[in-house]
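Colleague: I am new to this model. Please take me through the sheet and the terms used for it.

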Amino acid sequence: MGKHQALPAVETRLYINGKWENGSEDAVPVTNPATGETLAKIQAGGEKEIKAAIEAANQAFPEWSRKAPAERAKLMNKMADLVEEDAERLATIMTMEQGKPLTQAKGEIQTNVENLRWNAAEGQRLLGEIVPSPATNQWQVRKQAVGVVGAITPWNFPSNMIIRKISPAIAAGCTVILKPSKQTPLSALALMELFDKAGFPEGVVNIVMGDSSTIGTILSESEDVQKITFTGSTEVGQKLNEQAAPTLKNVSMELGGHAPYIIFPDADIERAVDTLIKTKFINNGQVCTSPNRIFVHKDVKDQVTDLLVEAIKEVTVGNGLDDTTVGPLINQDGVDKVVEQIKDATDKGAKILAGGHKLDEGEYADGFFFEPTILAGVTKEMDIFYKETFGPVIPLITFDDEEQVIKDANDTEFGLASYFFATNIHTIDNVSNKLQYGMVGVNDTNISNSATPFGGVKHSGFGRENGTYGVEEYVEVKFVNIRTAK
């Protein structure tokens with residue numbers, strides 16, 4: 001069914017200063033990873049267009065930042081209404097260009113609605129303070145919008161990553177230039193249609209597609225852009241940081257991850273296995289918070305392994321528009337990375353207990369499909385222990401000591417998400433304190449919510465999204481000293 005569905009109507013042009021514009025660069029095709037079909041050709045801009053967007057955002061900033069927070073919130077809530085009303089179209093577009101199952105895409109759209117409403121309210125709670133003065137002066141601390149924001153977003157959550165950046169920024173009074181992934185620009189454009197329909201003032205929200213290096217460099221080096229917010233690879237994040245350094249701009253980075261998932265012997269084993277299966281195959285493992293190194297205590301290794309081998313049989317692969325658990329990987333590079341990691345692991349002694357191969361026959365012939373896979377006997381000598389896996393692979397690692405598994409879990413340059421399952425309160429306290437990660441899930445993997453801080457440490461970046469902390473990323477603190485007497 002899904003193979004023959006037409007793409008819903010969606011804009012393909014740039015959106016700058018409240019107007020839809022053609023780009024000056026060659027149009028870029030967008031491919032459906034499930035079928036290999038070209039869905040659309042997107043207008044692309046270069047130096048001229050990105051500089052025009054920066055100018056538009058810069059011109060719009062003074063008036064937008066001076067608007068009453070309640071006025072900004074009203075527009076944001078209108079945007080949330082429009083997203084909710086348009087959920088079916090937005091989800092279908094996302095599934096067709098990105099591949100994730102439609103149910104997951106619908107969930108992502110609903111998260112957008114929650115995120116817009118949360119930030120609309122939180123923007124009205126950016127409270128300053130009066131500091132008691134020993135003299136007759138009045139000491140004020142004010143929070144003011146940082147300025148123009150350059151937002152660069154990835155392909156794996158092509159809708160929510162955008163809203164998660166734009167909504168706190170505009171709630172705080174900033175204006176935004178969005179550069180979405182070239183793999184998934186249609187979801188971004190569909191959202192931009194709704195920002196336009198909601199009636200946001202010209203220049204408050206802009207979108208420019210095109211060469212990532214050109215646009216990223218201009219945004220990072222511009223004196224008129226006061227903040228860069230980026231989600232993507234650590235390597236690109238490092239480059240953007242270098243480019244932003246001379247202008248000393250505010251930067252937030254949500255980068256790579258390599259999450260440990262530890263199952264202690266006293267854990268609720270069935271819950272741990274069920275949660276692992278459900279979490280690992282969200283977006284086919286193409287998630288920076290995906291469980292990537294599965295540490296299982298030797299006393300429960302056989303039980304966990306048997307349960308996983310049975311459970312993975314229920315994980316279905318197919319076109320995301322059909323009733324399936326997982327869709328395709330994003331492209332051939334994604335497939336190649338998984339293949340290379342599995343080959344390296346098996347060459348060094350790991351055993352494939354399930355899956356392990358690309359699906360490329362029949363209905364899978366034109367897409368980037370890969371079998372859900374379990375690897376047993378994974379060790380530190382294998383690439384998969386240290387390199388982030390963006391695919392449907394569960395690598396099993398045996399442990400027998402609490403302090404050693406903490407050390408092994410922390411043995412990575414990344415520090416985004418981590419998970420463990422245990423019931424002993426001493427284990428829970430000890431492990432949650434010692435894991436070197438920005439987020440820890442204990443007997444649960446739900447670590448991304450509109451009201452709670454999301455972000456990492458080490459090479460996983462800095463800054464936080466969501467919650468009060470997310471809005472605070474878009475303000476500067478100003479101290480005002482007012483002499484009130486002669």
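Modeller: An open sheet of seven strands runs in the order β14-β17-β18-β13-β12-β19-β20, with mixed pairing. Its edge strands are β14 (351-354) and β20 (439-442), each pairing on one side only. From one strand to the next, the twist averages 25°. The model is predicted: local features need pLDDT of at least 70, side-chain atom pairs count only at pLDDT 80 or more, and totals for chains, interfaces and linings use all residues. Residues are numbered from 1 along each chain as its sequence is written, and side-chain values use heavy atoms, with hydrogens and water left out.

Colleague: How do you know that β12 and β13 pair?

Modeller: Two strands pair if DSSP finds at least two bridges between them. β12 and β13 (residues 291-297) have five bridges, in the parallel sense, so they pair. Ile262 stands opposite Phe295 in β13.

Colleague: What makes β12 and β19 a pair?

Modeller: Three bridges, again in the parallel sense, join β12 to β19 (residues 417-421). Tyr261 stands opposite Tyr419 in β19.

Colleague: Why is β12 called a strand?

Modeller: Strands are DSSP runs of E, at least two residues, numbered from the N terminus; helices are runs of H or I, at least four. β12 covers residues 259-263, so it qualifies as a strand.

Colleague: What makes β12 mostly covered?

Modeller: Five of its five residues are buried (under 20% relative accessible area, with exposed over 50% and partly exposed in between; 1.4 Å probe, protein chains only). Ala259, Tyr261 and Ile263 point one way, Pro260 and Ile262 the other way.

How values were computed:
Axes are lines fitted to C-alpha atoms, for helices over the stretch in contact, and angles run from 0 to 180 degrees between N-to-C directions.
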